[in-house]
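Biologist: I am new to this one. Please show me the structure, and then I will ask my questions.

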Amino acid sequence: MKNELIKPKGLVTNTNRRNFLKFGTMSVAGAGLLLMGCNDDDDMMPPMMEGVSLGSGDIGILNYAYALEQLEAAFYATVLTGGYFANASAEEKTIMGDLEKHERAHREFFKAALGSAAIADLEVDFSSIDFNSRTSVLGAAKTFEDLGVAAYNGAGQFIENVDYLVIAGKIVSVEARHAAAIRDLINPGSDDFAGDDLIDANGLERTLNFTDVLTAASTYVKTPIDFSQLPS
Amino acid sequence: MNLLKLLDTMCPDTNSPEEKDMFFSRREAFRQFGDLSKKVAMAAVPLGVLTALPKVAKADTESLIGVLNYALTLEHLEYRYYQTGVESGVIEGADLNIFTKIRDHELAHVNFLTEVIGNVLGGMPVAEPEFDFTAGGNFSPFMDYPTFLALAQAFEDTGVRAYKGQAGNVMESDVVLTAALSIHSVEARHASMVRRLRTKKGQDTVKGWITNGSIGSLPAATQAIYAGEENVSHGGVDVTALTGIDAAAVSEAWDEPLSKDQVLGIASLFLA
């Protein structure tokens, strides 16, 4: 299977990456992710990177949440070091500072709760985000927070242990609070905080499945993630 | 102990083999329910097609109807509150779009839950109760905008906790759980917006998230809504000790559930 990783780029660039990831195998998902890495640097083979496997059952779902929290925590940690944050308003500084702490707390919680079953640290790639730009940072924050809510909402039905389900419920509403605040910073006083782009005519927020979420996240994560054992 | 897991052992509640054949295992039946209604319920179309659901053990359906009627009661309260507020003229013009949107969501929730209870589960949706938003003459939300905003925050934060408290009671039905989660996060978005709006107007110092179970400048009668939100331990992990992050921030990072009795105690203040 390893040779999947070095399949010539021309053969796969036009392939829908979502279909790729649907197979959920490490080598296939890795091909998609590594090929992205190739784009900037056609002369060199990307370094082989060891992927992580989320595992199965509730552990798999906790690792899925842990992966997303790793991404969010790393994002806000980087925000605090950038030019946007240095020049942000007092309100936005407070919000970004809070979000960094909340996401770090979530990440460390999952790491501790998973113990030896926890996946390794993910390598992130924020090269598409300009941390000196308010528009870029808030746009990325909106993506991450909305994605987090949809991911938890979509994964809840697969959780078997009621204690884990309640813990996920305790976190998802905070992510939704974040998402609404970020959306209001971007478009103040509007109804975007709970916009029609996310909420349907039944008043239900969108849910996303594992494939959709990890495909969206893969823009920001270098480490290949094998989610093939997650429940369905 | 999960009540619904226990019910697995009691299903199906039938006598003859022929009757038993009519029943799927409950979990399997709800899975099918889930698959069907994922295609239908989420698309905002009539749910009539779901009446062809496989039969499920009566006790489970009754339990789901009970939980959803409880949710419907809260949605009735929220919808009537915002509808009255929008009609009253108490809302500042610049904020009208916000509360019209929230009102629309609450109405959609009322209609959705009524449909699921009545036409999917074959139950009787609760009628809208009569509300007294003055709580016996203590508040004037439709004459005083800061009071309107304060009660709106109280209702939204209560709603978030109420749905969270029922997650375990609907988890055997994939579609009901997913719908409940999808309402829950909408309520949380509302809560965040209303909380921040109050602070922007100088009426409070609360953030979009709940700090240390604080009621901020809300009336003391709202204390029960925030009781327990100061918790920093989850699944046996004390997150402040684990991370060194201050307790205020850790308390903000997890919202806490409320039981049905706790919520009904709060809501009863506003029943006529």
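Biologist: Is B:Trp254 buried or exposed?

Modeller: This is a predicted model, where local features need pLDDT of at least 70, side-chain atom pairs count only at pLDDT 80 or more, and totals for chains, interfaces and linings use all residues. Side-chain values use heavy atoms, without hydrogens and water, residues are numbered from 1 along each chain as its sequence is written, and chains are lettered from A and ligands numbered from 1 in the order in which they are written. Buried means under 20% relative accessible area, exposed over 50%, partly exposed in between (1.4 Å probe, protein chains only). B:Trp254 has 0% relative accessibility, so the residue counts as buried.

Biologist: What kind of aromatic pair do A:Phe109 and B:Trp254 form?

Modeller: Rings of Phe, Tyr and Trp (its six-membered ring) pair if their centres lie within 6.5 Å; planes under 30 degrees apart count as stacked, over 60 as edge-to-face and the rest as tilted. Here the centres are 5.6 Å apart and the planes are at 80 degrees. That makes the pair of A:Phe109 and B:Trp254 edge-to-face.

Biologist: Why does this pair join two chains?

Modeller: Look at where each partner lies. Helices are DSSP runs (H or I, at least four residues), numbered from the N terminus. A:Phe109 is in helix H6 (residues 90-114) of chain A, and B:Trp254 is in the loop between helix H10 (247-253) and helix H11 (260-267) of chain B, so the pair joins two chains.

Biologist: How many residues are in the largest nonpolar core?

Modeller: A nonpolar core is a set of buried Ala, Val, Leu, Ile, Met, Phe, Trp, Tyr and Cys residues joined through side-chain atoms within 4.5 Å. Among the residues touching the most other members are A:Phe110 and B:Trp254. Helix H4 (residues 57-79) of chain A gives the largest share, 12 residues. The size of the largest core is 99 residues.

Biologist: What area is buried between chain B and chain A?

Modeller: Buried area is the accessible area (1.4 Å probe) that two parts lose on being put together, summed over both. Carbon and sulfur atoms give 60% of it. B:Arg189, B:Trp209 and B:Trp254 supply 17% of what chain B buries against chain A, more than any other three residues. The buried area is about 4,800 Å².

Biologist: Which residue forms a salt bridge with A:Lys170?

Modeller: A salt bridge is a side-chain nitrogen of Lys or Arg within 4 Å of a carboxyl oxygen of Asp or Glu. Between chain B and chain A the count is 11. For A:Lys170, the closest N and O atoms are 3.0 Å apart, and the partner is B:Glu256.
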